[in-house]
Amino acid sequence: MAVVFLYPTIATVWYSFNRMNLVMPWMKGFVGLCNYVDVFTDPRFWNSLRITLYFVGLCVIGSLMLGSGMALFINQSFKGRIIIRIAILVPWALAMCVVSLMWKWMYNDQFGVINAILMQLGLIKDPIGWLQTGTLAIHTAIFIDIWRNTPFVSLLLLAGLQVLPTDLYEAAKVDGANAWRRFISITLPLWKPVILVTILFRTIGAFNWSFDLIYPFTRGGPGNATEVMPLYVYTLYFRNLTYGVASTVAIVMAVIVGIFAVFYVKSIGIKGYV
Amino acid sequence: MRKRKSLIKLGIGISSVMIVLFFLGPYYWQIISSFKPDNELFRMPPTYFPKQFTSQWYRLIFIKRHFLRNIFNSAVIAGFTTLICLICGSLTAYAVSRLRFRFKYLILGLILAFNLLPGVSIVGPLFLLLRKIGLIDTHSGLVIPYISFSLPLTVWLLTSYFNQLPSELEDAARMDGCTPFQAYLRIILPCALPGFFAVLIIVFISAWNELFFALIYTNSQAARTVTVATILLQGSYEIPWGPISAASIAMSLPIVLIVILAQKGIVEGLTRGAVK
C-alpha cells in the first residue's frame, strides 16, 4: 500500500511543480492592476478576444453539426466500417501544423487545388485569394479546424449513441412512433449530456490549441485578422518581450477557459464517473 | 419495399464515399504533392496523379536539412514522455482506482482541471525557469512540460479503465500471498494492456505533434522537433511547397500508419476515456 501510495504522491508533486502559475501580472516592480487596465483598454486585445470567440464559436457549431450527422450515420451498421474508421482517424493523427500547411497549399491562390477545381467546374473565373482578406482568412481557418476535429467529435457522439438502450426504441415502434418521432423523443434527450460534454470539451480545445493552426497558416494576418488569443499572448511574450502584459492576457484567457472548464467538470459529474 | 431498401443502400454508399473522400482526399493530395517535381507542382490546372515521380524534395530535407535529426529529437522526446507518463500515471491511476482516501474527488477534479488549462498560461514563466536551469534547447526541456500535459490525461483514462476491472482478481492474488505491488504487476497489468496501449498511442501522438511549446523552447536546428522544423521551412518571402510537402509526409506518415494498424484499440481507448 505504501509503495503504491508514494508514487502517486510524487506524481502529484511533479505536476503541481510544473503547473506553477508563476504568472506575474507585475513586472520588475509591483504595478498592481496597472497591466490589467492597459490590457482592457487596448483595442488589439479586444480584437483578439472577438476573433477568438468567433473562431471558437463557429468551429464548435460546425464540427458539432457535421459530427452529429456523421455519428448518426455511422451508428447504422453496414459494411465498409473499417475504411470509414480509418478516414476518420487520419485527421486526428495528423499534427495540427501539418493540417494547417496541407490546407494552406490547397488554398494557395495561384497553384492551389481548390481554386483549380472551382475554376474547372466553372464556378469562378479568377482565382480567389483565400488568405488575402481578413474575412476569407478567418473563415478558411475555421473550416480547417472543423475538418480536423469533426472526426473526433463524431467519435465522442457516436460513443454516446451506442450506449442508448435499444428496448426504448422497440417499445416506441410498437406504439407506432415513426423514425422522426423516435429521434426527437428518445435519441435527442438521452443524447444531450454527451452533446454537452462534447461541446465543452471541444470549446476548451479550440481555445487552447488554435495556435498550432493559425501560426503556420497566417501568423495572425492579414493585419490582425486572425490573431487568436494564444497567438496574441505568444507575440506579447516572445516578440515584444513584455512579460507583464502577456501574463495578464494569459490570465484572462485562463479565466475564460476556466469558466468553461467549471461547466465541463460539473456536467461530467465526477462522482458518477468514478 | 425493395426499391426503398436499395435507395437507402445507395444513399449510404454515396455518403460513405463522400466521407472518405472528404477526410482522406487532402492527405492524398499532400502525398502526391511531395512527389511532384517543380514544373508539375506549380502548374495550373494541377495533375491529380503525378506524371513524374521525384524524390528530390525528400532528398533535400534529409540531406541538406538534416530532417533525420529532427525525427530523432521528436522520437526521443515523445518516447520519454510516454514512458514516464505510463509508469507514473498507471501507478497513480491504480491508487486512485483502488484506494479510498479523503481527497479523492478533489484530486480527480484537479487532474481534470489541469488538463483544461491553456498552454499559454504557463509557457512564459516556465520558459524563464527552464532557461535559468539551462534546459532550453534540450530534450528534457520539452519532456517536462509534455509530461505535465499528458499525465493528467493518462491518469484519467487509466483510472476509468481500472475501475472496470473487478477487484476480485487482486483479492484472489492477495489470498495467495502476493503483495499489492506484485498483484499489480502480475494480475492487473496483463489485463490492462489494451488500455495501456491506447493511452500509449494517444500520449505519443500528442507529444509528437505538438508545436507551441516545441517552437518556443528550442532555438537551434539541432534541437528542433519535426513540427518546428516543418513549419520553419516557410521562408519570409517564398514558401517552398515541395520540401514542405515532403516534410509533412515524412513526419506524419509513420503516425498515420500506426494509427491505421491500431485503429480498433484507439477508438476504444478514446471513447471510453472521454465519455462513459
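I will start with His139(B), which sits in helix α7 of chain B. Helices here are DSSP runs of H or I of at least four residues, strands are runs of E of at least two, and both are numbered from the N terminus. Before going on, the ground rules: this is a predicted model, in which local features need pLDDT of at least 70 and side-chain atom pairs count only at pLDDT 80 or more, while totals for chains, interfaces and linings use all residues. Residues are numbered from 1 along each chain as its sequence is written, chains are lettered from A and ligands numbered from 1 in the order in which they are written, and side-chain values use heavy atoms, with hydrogens and water left out.

Back to His139(B). The residue is partly exposed, at a relative accessible area of 24%. On this scale buried is under 20% relative accessible area, exposed is over 50%, and partly exposed is in between, with a 1.4 Å probe and protein chains only. What does His139(B) touch, not counting residues up to four places away in sequence? The list is Arg69(B), Phe72(B), Asn73(B), Val76(B) and Ile77(B), where contact means heavy atoms within 4.5 Å. Cys88(B) is 51 residues from His139(B) in sequence, and their C-alpha atoms are 19 Å apart in space.

Next, backbone angles in chain B. As background, most residues other than glycine have a negative phi. Asp137(B), which is not a glycine, has a positive phi near 75 degrees. Asp137(B) lies in the loop between α6 (120–133) and α7 (139–162) of chain B, and with a relative accessible area of 24% it is partly exposed. The other case is His66(B), also not a glycine, with a positive phi of about 55 degrees. His66(B) belongs to the loop between α3 (56–64) and α4 (67–98) of chain B.

Now Thr227(B), in helix α11 (residues 226–231) of chain B. Is Thr227(B) buried or exposed? It is buried, because its relative accessible area is 0%. Its side chain makes a polar contact with the side chain of Thr225(B), at 3.0 Å. A polar contact is a pair of N or O atoms within 3.5 Å; within protein, one must be able to donate a hydrogen and the other to accept it, and residues adjacent in sequence count only if both atoms are side-chain atoms. Leaving aside neighbours within four places in sequence, Thr227(B) is in contact with residues of chain B including Trp208(B), Leu211(B) and Met251(B), and with Ala95(A) and Cys97(A) in chain A.

That brings us to the interface. In total, 85 residues of chain A are in contact with 91 residues of chain B. The area buried between the two chains is about 8800 Å², and carbon and sulfur atoms give 79% of that; this is the accessible area, with a 1.4 Å probe, that two parts lose on being put together, summed over both. How many residue pairs are in polar contact across the interface of chain A and chain B? The rule finds eight, with both residues at pLDDT 80 or more. The largest share of the side of chain A that touches chain B comes from helix α4 (residues 81–93) of chain A, with 11 residues.

Over all chains, the count comes to two salt bridges. In one, Arg44(A) pairs with Glu227(A), with the closest N and O atoms 2.6 Å apart. Arg44(A) is in helix α3 (residues 43–75) of chain A and Glu227(A) is in the loop between α9 (179–217) and α10 (229–238), so the pair ties together parts 183 residues apart in sequence. Arg44(A) is partly exposed at 27%, whereas Glu227(A) is buried at 4%.

Arg202(A) and Asp145(A) also form a salt bridge, at 3.0 Å from N to O. This pair links helix α9 with helix α7 (residues 134–162) of chain A, 57 residues apart. Arg202(A) is buried at 9% relative accessibility, and Asp145(A) is buried at 2%.

Last, chain A as a whole. Chain A has 12 helices and zero strands, and of its 274 residues 53% count as buried. Among its contacts with a separation of 6 or more, 69% are between residues 24 or more positions apart.

How values were computed: Salt bridge = Lys/Arg side-chain N within 4 Å of Asp/Glu carboxyl O.
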